Amino acid sequence: MLRDATKQIVIQSLPDVLVIQIKRFCHTGRGRLQKLGDHVTVPIVLKMNPFCEKGSPAAMDDSVYVFVGSVEHGGSLGGGHYTANVTDEGEWYHCSDTHVGHIDLGHVISSGAGAYMLFYEKRKRPAPTASTLEPSTSPALVTQQLSSTTSSAQSPIFSETPERAAQEH
């Protein structure tokens, strides 16, 4: 006899580095694997405490996670190539087997069709207002919101000016 079931994941604590693996492969009806190329919106800032168990230390933590890198897969199941996008001192880089070059944040977050893994770093900050944590696809707006509540001395990622982020789009 079949019965209804419920599955629940309870988050009580959060890591300093959050790694999100995106499901990019699925089984077809014929028992074969298929690559999924759906676009994934890459948030620049994540607020995880709404997803944590109420009353847990993680639910009361005012930290946010800031996007610091991604791994992408280009190609098919039969063959392909992995590349990475990473930030260092506020600059973004695209890394391949033989080349490392500058890339702008706007391109990184808009290339969600190939994103396979996303990396976020936990950042402490003063108690924010609700408006500073609203999801946004605008790097300039997020940078402005973060820099208004966080000292740039705390982390190089906050040293980018809103004007510079807007130019990258």
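**Figure 1. Aromatic pairs of the predicted model.** The structure holds 3 aromatic pairs, where rings of Phe, Tyr and Trp (its six-membered ring) pair if their centres lie within 6.5 Å, and planes under 30 degrees apart count as stacked, over 60 as edge-to-face and the rest as tilted. In one of these pairs, the ring centres of Phe-67 and Trp-92 are 5.2 Å apart and the planes meet at 20°, so the pair is stacked. Phe-67 belongs to strand S5 (residues 64–76) and Trp-92 to strand S7 (residues 91–95), so this pair ties together parts that are 25 residues apart in sequence. Helices (H or I, at least four residues) and strands (E, at least two) are DSSP runs, numbered from the N terminus. This is a predicted model, in which local features need pLDDT of at least 70 and side-chain atom pairs count only at pLDDT 80 or more, whereas totals for chains, interfaces and linings use all residues. Residues are numbered from 1 along each chain as its sequence is written, and side-chain values use heavy atoms, with hydrogens and water left out.

**Figure 2. The cluster of Phe-67, Trp-92 and Tyr-120, linked by ring pairs.** Phe-67 has a relative accessibility of 1% and counts as buried; buried means under 20% relative accessible area, exposed over 50%, and partly exposed in between (1.4 Å probe, protein chains only). Trp-92, at 4% relative accessibility, also counts as buried. The rings of Phe-67 and Tyr-120 have centres 5.6 Å apart and planes at 55°, so this pair is tilted. The pair links distant parts of the chain, with Phe-67 in strand S5 and Tyr-120 in strand S9 (residues 115–123), 53 residues apart. Tyr-120 is buried, as is Phe-67.

Figure 3. Gly-75 has a relative accessible area of 51% and is exposed. With residues up to four places away in sequence not counted, Gly-75 touches Lys-35 and Gly-80, contact meaning heavy atoms within 4.5 Å. Gly-75 and Lys-35 are 40 residues apart in sequence, and their C-alpha atoms are 9.2 Å apart in space.

**Figure 4. Salt bridges of Asp-61 with Lys-122 and Lys-124.** The structure has 3 salt bridges, each defined as a side-chain nitrogen of Lys or Arg within 4 Å of a carboxyl oxygen of Asp or Glu. Between Lys-122 and Asp-61, the closest N and O atoms are 2.9 Å apart. Asp-61 has a relative accessibility of 15% and counts as buried. In the salt bridge of Lys-124 with Asp-61, the closest N and O atoms are 3.3 Å apart. This pair also links distant parts of the chain: Lys-124 is in the loop between S9 and helix H3 (139–149) and Asp-61 in the loop between H1 and S5, 63 residues apart. Lys-124, at 53% relative accessibility, counts as exposed.

**Figure 5. The salt bridge of Arg-123 with Glu-121.** The closest N and O atoms of Arg-123 and Glu-121 are 2.6 Å apart. Arg-123 counts as buried at 9% relative accessibility, whereas Glu-121, at 32%, counts as partly exposed. Elsewhere, salt bridges that share partners join Asp-61, Lys-122 and Lys-124 into one network.
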